[in-house]
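Trainee: Hey, could you walk me through this protein? I'm new to reading structures and would like to go piece by piece.

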Amino acid sequence: MNDITGASQSLAIAAKKKLSSQFFKKGIVIALFSGLMYGFYSAFLTLGMSKGVWAEWYGAKTVLSAFAITYLLGALGSAVNDTASAGWALLNVGVKGKMGDFFRTLKTKPGRIMILAALVGGPISSTAYVVGLQMAGSIVIPITALCPAIGAILGRILFKQQLNKRMMLGIAICVAASFMIGSTSIGGDAPKGMFLGICIAFIAALGWGFEGCVAGYGTSMIDYEISITIRQVISGLSNLIILLPIFGLLAGDIGLSTDLAIQAFTSGSAMIWIAIAGFCAWISYMSWYRGNSMCGAALGMACNGTYSFWGPFCCWIVLGVIFGMDGWSIPTIAWIAAVVMIFGILLIAMNPLDLFKKGKGQGEEKIAS
């Protein structure tokens, strides 16, 4: 009788480990998918910002100042995209009957933490990302993928999280890869403004690293669909009502931001692609949050960081190959550096040897914790 009971317990434990392993692996796939979707978001947003009224603003006959073109339009692109993304997120929670949960969560402590994360990751990082993308092209994408390394460092400083030798090696690899990418902007044939665009991209990486640390606590207690809705709604609104007027004031005309926003939202040929970009951004962030909850924040952030490869690749395919736009080819050293950075990100999140161990269940539990 005891033998039968023991065998039953062993089978139950084995079944539980199998389910945990499947859940963990599914989380990795979802987190990797978030990186792919981020690549498409980058490509379609850039495409949208080259159509309709945007083509006039960036064209040779533009009436806008250099400051407005570089910073005000960058903030506007981020605002329009995040607003479109927020629309997809609100539609999703509305269809699923979670709208009440969304408003109730805003009043809770985890909800307020998500609002803080959204304010940093949205108006600051998203705008820096779009500005860098417009100034230097897709080469800035691997630079912004430094956020997992920055997140690990900030986690150590802010929350006393573990930062061992393996993680420090991974950070060093990521930094080295970013310098490899940055070296392409030093030559005389580098596009004007590329170096500044890369520097601005570092601001995006810093903000997203902070967002990853702070949002980790909030998302552990909030439905990932609610989390992403809070993130995109707050980001879109703060971009429109806070950041845009500030840049308009700096440009010398606070009313300019309102006029440009109205023109941007009513430019149909551009909004088609920006709406698609917003959809991809919503799916990307939602998959990132869901993947984090299934395989652990560190590994989830590392898997999402593969957009350092998918970003330039998707821009090259969509913009360069399909739409025939010039300037989207990627230097060989940038491709190599993107792959190196992916390895560095993986090293920060976990010991790669754990993937080859037979007792994967124990390794997975350690990673998830």
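Predicted model: local features only at pLDDT ≥ 70, side-chain atom pairs only at ≥ 80, totals over all residues.

Trainee: Got it. How many helices and strands does the chain have?

Mentor: There are 16 helices and 0 strands.

Trainee: And how much of the chain is buried?

Mentor: Buried residues account for 52% of the 369 residues. As for contacts, take those between residues at least 6 apart in sequence: 85% of them join residues at least 24 apart.

Trainee: Let's go inside, then. Which residues touch the most other members of the largest nonpolar core?

Mentor: Those are W54, W57, L76 and Y129, in a core of 75 residues. Helix α12, residues 268–295, gives the most to this core, with 12 residues.

Trainee: Which residues are buried in α11?

Mentor: In α11, which runs over residues 254–265, the buried ones are L256, S257, L260, A261 and A264. They sit on the same side of α11, because they cover an arc of only 130 degrees around the axis.

Trainee: New topic: rings. How many aromatic pairs are there?

Mentor: The structure has 16 aromatic pairs. Take W54 and W57: their ring centres are 5.1 Å apart and their planes are at 75 degrees, so this pair is edge-to-face.

Trainee: Where do W54 and W57 sit along their helix?

Mentor: W54 and W57 are in helix α2, residues 52–58, and because they are 3 residues apart, about one helical turn separates them. Both W54 and W57 are buried.

Trainee: How are the rings of Y71 and F247 arranged?

Mentor: That pair is stacked, with 6.4 Å from centre to centre and 15 degrees between the planes. Y71 is in helix α3, residues 66–95, while F247 is in helix α10, so the pair ties together parts that are 176 residues apart in sequence.

Trainee: Are those two buried or partly exposed?

Mentor: One of each. Y71 has 25% relative accessibility, so Y71 counts as partly exposed. F247 has a relative accessible area of 15%, so F247 is buried. The cut-off is simple: buried means under 20%.

Trainee: Which residues form an aromatic cluster?

Mentor: Y38, Y41, Y129 and Y285 form one. You've met Y129 already, in the largest nonpolar core.

Trainee: What lies over the face of Y285?

Mentor: R231 does, at 4.1 Å from the ring centre. R231 also makes a side-chain polar contact of 2.9 Å with Q232.

Trainee: Where is Q232, and is Q232 buried or exposed?

Mentor: Q232 is in helix α10, residues 224–250. With 0% relative accessibility, Q232 counts as buried. Leaving out residues up to four places away in sequence, Q232 touches D82, S85, A86, A281 and Y285.

Trainee: Y285 again! What about I228?

Mentor: I228 is in helix α10 too. Its relative accessible area is 0%, so I228 is buried. I228 and Y285 are 57 residues apart in sequence, yet 6.5 Å apart in space, C-alpha to C-alpha. Setting aside residues up to four places away in sequence, I228 touches W282, Y285, M286 and Y289.

Trainee: Last one. What does the side chain of S34 reach?

Mentor: The S34 side chain reaches the backbone oxygen of A31, at 2.4 Å. S34 is in helix α1, residues 2–48. A relative accessible area of 0% makes S34 buried. Not counting residues up to four places away in sequence, S34 touches S284, S287, W288 and N304.

Note on methods:
Residues numbered from 1 in each chain as written. Heavy atoms only, no water. Helix = DSSP H or I, 4+ residues; strand = E, 2+ residues; numbered from the N terminus. Buried < 20%, exposed > 50% of the residue type's maximum accessible area, 1.4 Å probe, protein only. Polar contact = N/O pair within 3.5 Å; in protein donor to acceptor, adjacent residues only side chain to side chain. Contact = heavy atoms within 4.5 Å. Core = buried A, V, L, I, M, F, W, Y, C linked by side-chain atoms within 4.5 Å. Arc of directions from axis to C-beta. Phe/Tyr/Trp six-rings, centres within 6.5 Å; stacked < 30°, edge-to-face > 60°. Lys NZ or Arg CZ within 6 Å of the ring centre and 35° of its normal.
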